[in-house]
Amino acid sequence: MVAPMLETSHVFCCPNRVRGALSWSPGPGGLLAFGTSCSVVLYDPQKRVVVTNLNGHAARVNCLQWICKQDGSPSTELVSGGSDNQVIHWEIENNQLLKAVHIYGHEGPVYAVHAVYQRRAPDVASQTLIVSAASDSTVRIWSKQGSEVTCLQTLNFGNGFALTLCLSFLPNIDVPVLACGDDDCKIHLFVQQNNQFQKMLFLSGHEDWIRGVEWAAFGRDLFLASCSQDCLIRMWRLYVKSTSLETQEDDNIKLKENTFTVENESIKITFAVTLETVLAGHENWVNAVHWQPSFYKDGILQQPMRLLSASMDKTMILWAPDEESGVWLEQVRVGEVGGNTLGFYDCQFNEDGSMIIAHAFHGALHLWKQNATNPKEWTPEIVISGHFDGVQDLTWDPEGEFIITVGTDQTTRLFAPWKRKDQSQVTWHEIARPQIHGYDLKCLAMINRFQFVSGADEKVLRVFSAPRNFVENFCAITGQSLNHVLCNQDGDLPEGATVPALGLSNKAVFQEPPTEDHLLQNTLWPEVQKLYGHGYEIFCVACSNSKTLLASACKAAKKEHAAIILWNTASWKQVQNLIFHSLTVTQMAFSPDDKFLLAVSRDRTWSLWKRQDTIPPELDPIFSLFAFTNKVTAVHSRIIWSCDWSPDGKYFFTGSRDRKVVVWGECDSSDDAIEHSIGPCSSVLDVGGAVTAVSVCPVLNLSQRYVVAVGLECGKICLYSWKKTDQVPEINDWIRCVETSQSQSHTLAIKKLCWKNCNGKTEQNEGEGAEWLQFASCGEDHTVKIHRVDRCAL
């Protein structure tokens, strides 16, 4: 197989904040599937890497489910439902997408889905039975044979909604039975007769909406676990009612039986359903309930008697019957302490029940692993994490060792590689959450390795400094020498910053990436400065390469508000206001030698400011307008979203919603004339979609051409190379190199692209001779990705 030119090496994301967006494949080495924005992510919890993304939904993925195989082997098919009113059936082979079948018919968002393989005679082709519930008050039943999907039936719930569904087969006969948990606090049971599902009975007892139902077969009985917003879990037993005529005339108190009769191959069989037990232990809504998956042991299918429940009371409980009395008891309770979280949406077992995962209200995943020597002890494990809303900005550390991102989920997160002594594969993890804010974060800039400025939907900029505690953890996790990192730091570092849980301000030191409960409160960075000066919400910020000047801009509809403010990073005083644009400045960039500051704006123009060196030199520099475009000279006809400089500082690149990328130049800083007209020096590149991000690679490709990454509103990233041809007009100066595949692309607009600063070092692969260049991307689809591209192939 040919090695790919472009590969996605690391992905950071977390599940959507809905019930049912999580499913762990049964069978050995099963993958964890979850919905992130419009994408289904397949994650390997053992290797701690994202295996692939399944992109096909046009709106948020609300629910998904692996389809269990009868022989206990790992699942290869799953179904998902989304807010785009469609259900998609995915088929996976070797961890990559083989085939996707789109199922249309619902008239509202789909929020519950379940599927089973129908057992048939050996000579009949197997069918998949899929049920889906949507906000159009219907449950639709589909049959899939090959690539053909037919809608067998639509169950209408009138003014009500089916909130949760589960399919199974009645004991002894292969007749499908469907349980629907409803907002009328009842569980409706349907059984398939003559290819149509008929309502047999409803189970009442819960006093609030049903949030979860799940079947499990134990011997000749079928058990149904249900959970509700009334804080209780009920367990029902469905069994074949004995047809013997002698009625027992004893005085024992018996539970009420609900019975129904099914005709199968002209034999009538009567089934009974009774309430087996009620589990009380949660103090808030119970959102999910799941049985441990069945597995094969010595060729016999085993169904363990263990049940997992997740609740809004921030706990997850593992229930099992007592060995002596048979009474169901709470075996283990795990959960979150501290932080401002709100409980759990969902939970899952892994294939053998040795690991359990919870999906928290803020999107984060919590993983616990059973201690091999002491089965009563469960310890938190490392699991994927990321933003739970659009990621707005990202930047590499100047040394290229880590990345920092900000998002609409009001957090700033820091991701770094975890280098273990015994393993060659390096995985990246979130190792700190420096800022947890009350406003949506918009932009950030790094001032030095351990200091950054962030701007949010507020008028102030905030400056954060890493505590010594973070630097120690960072060195321990990434395998660097603490003394080497600290000796490059000027000034003292603060000790730490925490939101104390129960008033305990503990300074945690981690040898491995911290788990979610630590990230929520023990990895904050202290805020060292606030910068006041803007009149509206901060929109973009940039730091000079010498790290002495900071430029910031805010949302603006008037010229006076669209001013760029320059700050001195040593004294944090305002140096200058640059007034030119009439609408919001969308991005700024200092040239590599800091002689120029470039700004692009919503008013469809750019401005270039030249640094005038002051005498004496210790005074702050002054910038004056050097060149600009206006309505006549502008090439772009829509908002200019992004700009970047070539590494030699001769040219700059702009990208706009009008689908164009243009190169401008040359820029000569030795020229002392007051104003210049700098025009386009490239042909206009039409990339076929609205451009939302451009970034120029700091190294040239092997034929000495500039390499430009272009991010589109549709989520695709295209790499182009450009070189001036000195023809008039320029033709054939752009070459399209490579673009992301469907699974590598984002599913919504890309907000920022950023190449890793190589500093002359590029990642060399032993034996391959490939020279890898790395860049990171973030988007509105809640996802951050790190890609690497082969320099020889550009």
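**Reading a domain interface and its backbone**

Tutor: The size of an interface is often given as the accessible area lost when the parts come together. In this predicted model, domain 2 and domain 3 bury about 1,300 Å² between them, with 73% of that area on carbon and sulfur atoms.

Student: Which residues of domain 2 lose the most area to domain 3?

Tutor: They are Ile 447, Leu 461 and Leu 531, which together make up 33% of what the domain 2 side buries.

Student: Where do these domains lie in the chain, and how many residues does each bring to the contact?

Tutor: The domain assignment places domain 2 at 385–532 and domain 3 at 537–634. The contact draws 19 residues from domain 2 and 15 residues from domain 3. Taken over C-alpha atoms, the centres of the two domains are 27 Å apart.

Student: How many salt bridges and polar contacts cross this interface?

Tutor: The rule finds 1 salt bridge between domain 2 and domain 3, and 3 residue pairs are in polar contact. As for salt bridges, the side chains of Lys 555 and Asp 457 form one, at 4.0 Å from N to O.

Student: Which strands supply the side of domain 2 that touches domain 3?

Tutor: Strand 37 (441–448), strand 38 (451–456), strand 39 (461–465) and strand 40 (527–531) each give at least two residues to that side. Strand 37 provides the largest share, 6 residues. By class, the domain 2 side has 13 nonpolar, 2 polar and 4 charged residues.

Student: Where is Ser 137, and what is its phi?

Tutor: Ser 137 belongs to the loop between strand 11 (127–134) and strand 12 (138–145). Its phi is positive, about 65°, although Ser 137 is not a glycine.

Student: Why does Ser 137 count as buried?

Tutor: Ser 137 counts as buried because its relative accessibility is 10%, and the cut-off for buried is under 20%.

Student: How does one read Arg 659?

Tutor: Arg 659, likewise a residue other than glycine, has a positive phi near 75°. The loop between strand 50 (651–656) and strand 51 holds Arg 659. With 39% relative accessibility, Arg 659 counts as partly exposed.

Technical notes
Residues are numbered from 1 along each chain as its sequence is written. This is a predicted model: local features need pLDDT of at least 70, side-chain atom pairs count only at pLDDT 80 or more; totals for chains, interfaces and linings use all residues. Side-chain values use heavy atoms; hydrogens and water are left out. Domain bounds come from an automatic or database domain assignment. Contact means heavy atoms within 4.5 Å. Buried area is the accessible area (1.4 Å probe) that two parts lose on being put together, summed over both. A polar contact is a pair of N or O atoms within 3.5 Å; within protein, one must be able to donate a hydrogen and the other to accept it, and residues adjacent in sequence count only if both atoms are side-chain atoms. Helices (H or I, at least four residues) and strands (E, at least two) are DSSP runs, numbered from the N terminus. Ala, Val, Leu, Ile, Met, Phe, Trp, Tyr, Cys and Pro count as nonpolar, Asp, Glu, Lys and Arg as charged, and the others, Gly among them, as polar. Buried means under 20% relative accessible area, exposed over 50%, partly exposed in between (1.4 Å probe, protein chains only).
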